[in-house]
Amino acid sequence: MKLRFDHQSIRLRLRKSDVEKLTQERFIAETVQFPTGSLVYRLELSDAAETILAMIRENTITVSLPAQQAMAWAETETVGIYATFAIDQENSLDLIIEKDFPCKHDSKEENADTFEELSKKTQFP
């Protein structure tokens, strides 16, 4: 799973194996080690959640997806799940969870676990 920040947005990109693990184990997590600590980012399925939830606590970013929505996304050609959270009157946080496409600069081996078949069907601006 890849994590990308851009201003007030968080993007999680999942490879095929990530999507499979998410549906089987109901969560996936990655850790980035820093010299003074670590940052964990976690995507999990929740039977109780009615909407997408996002929080940060104790160096861990957790995104919870309603299980039914996540399973439907995993089993279809839908590329992404998108949500926007109001922070205050002027700010919001965009959350983007997408199936990972191959990168042009990566090798064939590095792109083997991506959703190449979907990238050919998706229109980009």
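**Close-up 1. The salt bridge between E98 and R13 in the predicted model.** E98 forms a salt bridge with R13, and the closest N and O atoms of the two are 3.5 Å apart; a salt bridge here is a side-chain nitrogen of Lys or Arg within 4 Å of a carboxyl oxygen of Asp or Glu. The pair links distant parts of the chain, since E98 belongs to strand β8 and R13 to strand β2, 85 residues apart. Helices (H or I, at least four residues) and strands (E, at least two) are DSSP runs, numbered from the N terminus. E98 and R13 are both buried, where buried means under 20% relative accessible area, exposed means over 50%, and partly exposed lies in between (1.4 Å probe, protein chains only). This is a predicted model, in which local features need pLDDT of at least 70 and side-chain atom pairs count only at pLDDT 80 or more, while totals for chains, interfaces and linings use all residues. Residues are numbered from 1 along each chain as its sequence is written, and side-chain values use heavy atoms, with hydrogens and water left out.

**Close-up 2. The salt bridge between K2 and D100.** Side chains of opposite charge can pair when their charged atoms come close. By the rule used here, the count comes to six salt bridges, and one of them joins K2 to D100, with the closest N and O atoms 3.0 Å apart. K2 lies in strand β1 (residues 2-6) and D100 in the loop between β8 and α3 (108-111), so this pair ties together parts that are 98 residues apart in sequence. The two partners can also be described by their accessibility: K2 is partly exposed, with a relative accessible area of 29%, whereas D100, at 3% relative accessibility, counts as buried.

Close-up 3. D18 has its place in helix α1 and is buried, with a relative accessible area of 10%. R15 forms a salt bridge with D18, the closest N and O atoms being 3.7 Å apart, and R15 itself is partly exposed, with a relative accessible area of 26%. Elsewhere, salt bridges that share partners join R11, R13 and E98 into one network. Leaving aside its neighbours within four places in sequence, D18 is in contact with M1, R13 and I28, where contact means heavy atoms within 4.5 Å.

**Close-up 4. The buried face of helix α1.** The buried residues of α1 are D18, V19 and L22. Seen down the axis of α1, these residues fall within an arc of 100 degrees, so they line one face of the helix; the arc is that of the directions from the helix axis to the C-beta atoms. What covers them includes β2, β3, β4 and α2. Just after α1, R26 takes a positive phi of about 75 degrees.

**Close-up 5. The buried side of helix α2.** In helix α2 (residues 67-74), the residues A67, A70 and W73 are buried. They cover an arc of only 130 degrees around the axis, which puts them on the same side of α2. Their cover includes the strands β2 (9-14), β4 (37-46), β6 (60-66), β7 (80-86) and β8 (92-99), together with the helix α1 (16-25).

Close-up 6. Four strands form an open sheet in the order β3-β4-β6-β5, and the pairing is mixed; two strands pair if DSSP finds at least two bridges between them. The edge strands are β3 (27-34) and β5 (53-57), each of which pairs on one side only. Neighbouring strands of this sheet are turned by 10 degrees against each other on average, direction ignored. Strands β4 and β6 run parallel and are joined by seven bridges, and the bridge partner of L45 is L65 in β6. Helix α1 packs on the sheet, touching β3 and β4, and its direction makes about 120 degrees with that of β3. Helix α2 packs on the sheet as well, touching β4 and β6, with its direction at about 85 degrees to that of β6. Axes are lines fitted to C-alpha atoms, for helices over the stretch in contact, and angles run from 0 to 180 degrees between N-to-C directions.

Close-up 7. I10 is found in strand β2 and, at 11% relative accessibility, counts as buried. I10 and D94 are 84 residues apart in sequence, yet their C-alpha atoms are 6.3 Å apart in space. Not counting residues up to four places away in sequence, I10 touches L3, R4, F5, L93, D94, L95 and I96.
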